[in-house]
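Welcome! Take a moment to look it over before reading on.

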Amino acid sequence: MEFGSVSEIVTALASVVMALSVIVAALQLSESRANWVTENKRLKKQAAIDAAKIYIDNKRPETDLMLQFVNNACHLDSRIIQDIEKFNLPRLPVSLLDDVRGCVEFYDPAALGSLAEKDGFITGVTAKHIIQLRWLMIDYLNTLETVLTYWWQGTANERLLELEFAFLRAQSDSARPVRHLVECYGETNFPAIAAFLRAGAARQAPEPDFH
C-alpha cells in the first residue's frame with residue numbers, strides 16, 4: 001500500500017469522525033433544547049397553579065361581601081366607590097344596608113346596632129368603616145395584581161390563568177366589581193389587571209360606561 005493512500009484513508013476517517021461528532025453534538029443540543037422546552041412548560045404550568053393558589057389563599061368571606069357591596073353600589077351610583085377611594089363618607093342608599101352590615105360585622109361587630117336608616121339612606125356609618133371597606137378593596141386588588149403579574153410578564157402559563165380567571169372578562173356581576181374598582185383606583189396602579197381586562201375586551205361585548 002502506498003503511503004499516499006494510507007494518508008488519504010486517515011484523512012477520510014478523520015473527516016468521518018468529525019462529521020459524526022458534529023451530528024452527535026447537534027443531536028445532544030436538540031435533545032437538550034427539547035428537554036429545556038419541556039421543563040419550561042412544566043415550570044410555567046406550576047407557576048400558574050401557584051398564582052391561582054395565591055388568589056385562593058387570600059380570598060376571605062369579607063372579600064366576597066366587599067365585592068357584593070361594590071357590585072350593588074356601582075349599579076346604583078358609581079360615585080359611591082369613588083368617594084370611598086378618596087376617604088369620603090358617601091351617602092349610602094338603604095338598599096346597601098345588608099351589604100354594609102356584612103362587611104362591618106367582621107371588623108366592628110359592636111357597631112351593627114348603630115347602623116340604621118333614615119330618609120332612604122343608611123345612618124351610623126363612620127370614617128372607620130369607610131377605611132375598612134377601602135382596605136378590603138385595596139387588599140383584593142393587590143392580591144389580584146400579584147396573581148395576574150404572572151400572566152402579564154409571561155412567567156406562568158397564560159392560557160391556564162386565562163381559564164382560571166375567565167370570570168374577570170365575563171359580562172356578569174362577578175366581573176363588574178373588579179372593572180369598577182380598577183377604574184376608580186386607576187389603571188396605572190394596577191397595570192397587570194388592566195392589561196388582562198383589555199386583552200379580553202376584543203372577545204367580549206363592550207362594557208357600559210359608568211356614570
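Predicted model: local features only at pLDDT ≥ 70, side-chain atom pairs only at ≥ 80, totals over all residues.

**How α2 and α4 pack**

- Helix α2 spans residues 61-76, and helix α4 covers residues 97-107.
- The axes of these two helices come within 9 Å and cross at roughly 150°, which makes α2 roughly antiparallel to α4.
- The crossing of α2 past α4 is left-handed.
- Glu62 is a residue of α2, while Tyr107 belongs to α4.
- Although Glu62 and Tyr107 are 45 residues apart along the chain, their C-alpha atoms are separated by 9.4 Å.
- Glu62 counts as buried because its relative accessibility is 9%, below the 20% cut-off.

**Salt bridges**

- The whole structure holds nine salt bridges.
- One of them joins the side chains of Lys59 and Asp64, at 2.8 Å from N to O.
- Another pairs Asp139 with Arg60, whose closest N and O atoms are 2.9 Å apart.
- Asp139 sits in helix α5 (residues 127-152) and Arg60 in the loop between α1 (3-58) and α2, so this pair ties together parts that are 79 residues apart in sequence.
- Asp139 counts as buried at 18% relative accessibility, whereas Arg60 is partly exposed at 23%.
- Arg60 and Asp139 also belong, with Glu62, to a network of salt bridges.
- A further salt bridge connects Glu85 and Arg134, with the closest N and O atoms 3.9 Å apart.
- That pair links distant parts of the chain, since Glu85 is in helix α3 (residues 79-85) and Arg134 is in helix α5, 49 residues away.
- Glu85 and Arg134 are both buried.

**A nonpolar surface patch**

- Which residues form a nonpolar patch on the surface? They are Phe106, Tyr107 and Trp135, with about 310 Å² of accessible area together.

**An enclosed helix**

- Helix α7 runs over residues 176-185, and nine of its 10 residues are buried, so the helix is largely enclosed by the rest of the structure.
- Among the buried residues of α7 are Arg176, Pro177, His180, Cys184 and Tyr185.
- Just after α7 comes Gly186, which has a positive phi of about 100°.

Conventions: Residues numbered from 1 in each chain as written. Heavy atoms only, no water. Patch = residues over 30% accessible without salt bridge, like charges linked within 9 Å, V, L, I, M, F, W, Y side chains within 5 Å. Areas by Shrake-Rupley, 256 points an atom, 1.4 Å probe, with all protein chains shown as cover. Salt bridge = Lys/Arg side-chain N within 4 Å of Asp/Glu carboxyl O. Helix = DSSP H or I, 4+ residues; strand = E, 2+ residues; numbered from the N terminus. Buried < 20%, exposed > 50% of the residue type's maximum accessible area, 1.4 Å probe, protein only. Axes fitted to C-alpha atoms, helices over the stretch in contact; angles between N-to-C directions. Parallel < 35°, antiparallel > 145°, perpendicular 65-115°, else oblique. Left-handed = near helix turned anticlockwise from the far one by under 90°.
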